[in-house]
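Colleague: Thanks for sitting down with me. Could you walk me through this model, one question at a time?

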Amino acid sequence: CAGRTDAGVHAHGQLVSFQTVLPFPIGQFQRLLPHFLPEDLALKTVWPVPEDFHARFSARARHYRYLLRLNAAPDPFQAPRCWQYPYPIDTAALAKAWAQCQGNYDFGPLARSQSNQRDSHLAVYLSELRPLGELYALEIVANRFLTALVRRLVGTALDMARGRLSADY
């Protein structure tokens, strides 16, 4: 797979590399594979790639969209797909806090430490707050992510927007 997701996170557009020596035509493979997948996985498309392609190591960027429901009473129908944040939030302050993620930084202090993690520097290409109807999306695109980093960045940005942390934290 292109990468892992944190617990409770849903992946859209996840790439998977698969090599076989079996003479399956791609169309037949695309028709048969869904029957072997669990209910919570859906196959969108199958296409051939060069032999040196690897879904995880060939990726140039990864994109997270963290959904928030702000300043509203809890909705049990929204609970599985977003964080229902119960505290008053100034969305302009949240957008400003989130935008500070963009750039090249050492994110090690905010990531869960991993014994195999050698480098905690990331290049964040995009970090924007976008309204999506009654939800807000914290979008972040980077060359890679560290374990639990996005979840911790979201919490930090919300604490900054609430004034619990300084605006330059």
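Modeller: Happy to! Contact here means heavy atoms within 4.5 Å. This is a predicted model, where local features need pLDDT of at least 70 and side-chain atom pairs count only at pLDDT 80 or more, while totals for chains, interfaces and linings use all residues. Residues are numbered from 1 along each chain as its sequence is written, and side-chain values use heavy atoms, with hydrogens and water left out.

Colleague: Of the contacts with a separation of 6 or more, what share comes from residues 24 or more positions apart?

Modeller: Let me start with the layout: along the sequence, the pattern reads α-β-β-α-β-β-β-α. Helices (H or I, at least four residues) and strands (E, at least two) are DSSP runs, numbered from the N terminus. As for contacts with a separation of 6 or more, the share from residues 24 or more positions apart is 58%.

Colleague: How many bridges join β4 to β5?

Modeller: Two strands pair if DSSP finds at least two bridges between them. β4 (residues 121-132) pairs with β3 (residues 103-106) in the antiparallel sense over 4 bridges, and Y105 has L122 as its bridge partner. On to β5 (residues 135-142): this strand also runs antiparallel to β4, with L138 standing opposite L129. The number of bridges joining β4 to β5 is 8.

Colleague: Which residue takes a positive phi in the hairpin of β4 and β5?

Modeller: That hairpin has 2 residues between the strands. The phi in question is near 65 degrees, and the residue is G133.

Colleague: Why do the buried residues of α2 line one face of the helix, and within what arc do they fall?

Modeller: The buried residues of α2 are L94, A97 and W98. Seen down the axis, and taking directions from the helix axis to the C-beta atoms, these residues line one face because they fall within an arc of 95 degrees. On the other side, A92 and K96 are exposed, whereas the cover over the buried residues includes β1, β4, β5 and α3.

Colleague: What kind of aromatic pair do Y64 and F145 form?

Modeller: Rings of Phe, Tyr and Trp (its six-membered ring) pair if their centres lie within 6.5 Å; planes under 30 degrees apart count as stacked, over 60 as edge-to-face and the rest as tilted. The count comes to 5 aromatic pairs. For Y64 and F145, the centres are 4.9 Å apart with 80 degrees between the planes, which makes the pair edge-to-face.

Colleague: How many residues apart are Y64 and F145?

Modeller: Y64 is buried at 17% relative accessibility, and F145 is buried with a relative accessible area of 17%. Y64 sits in β1 and F145 in the loop between β5 and α3, so by position in the chain this pair links distant parts, with a separation of 81 residues.

Conventions: Buried < 20%, exposed > 50% of the residue type's maximum accessible area, 1.4 Å probe, protein only.
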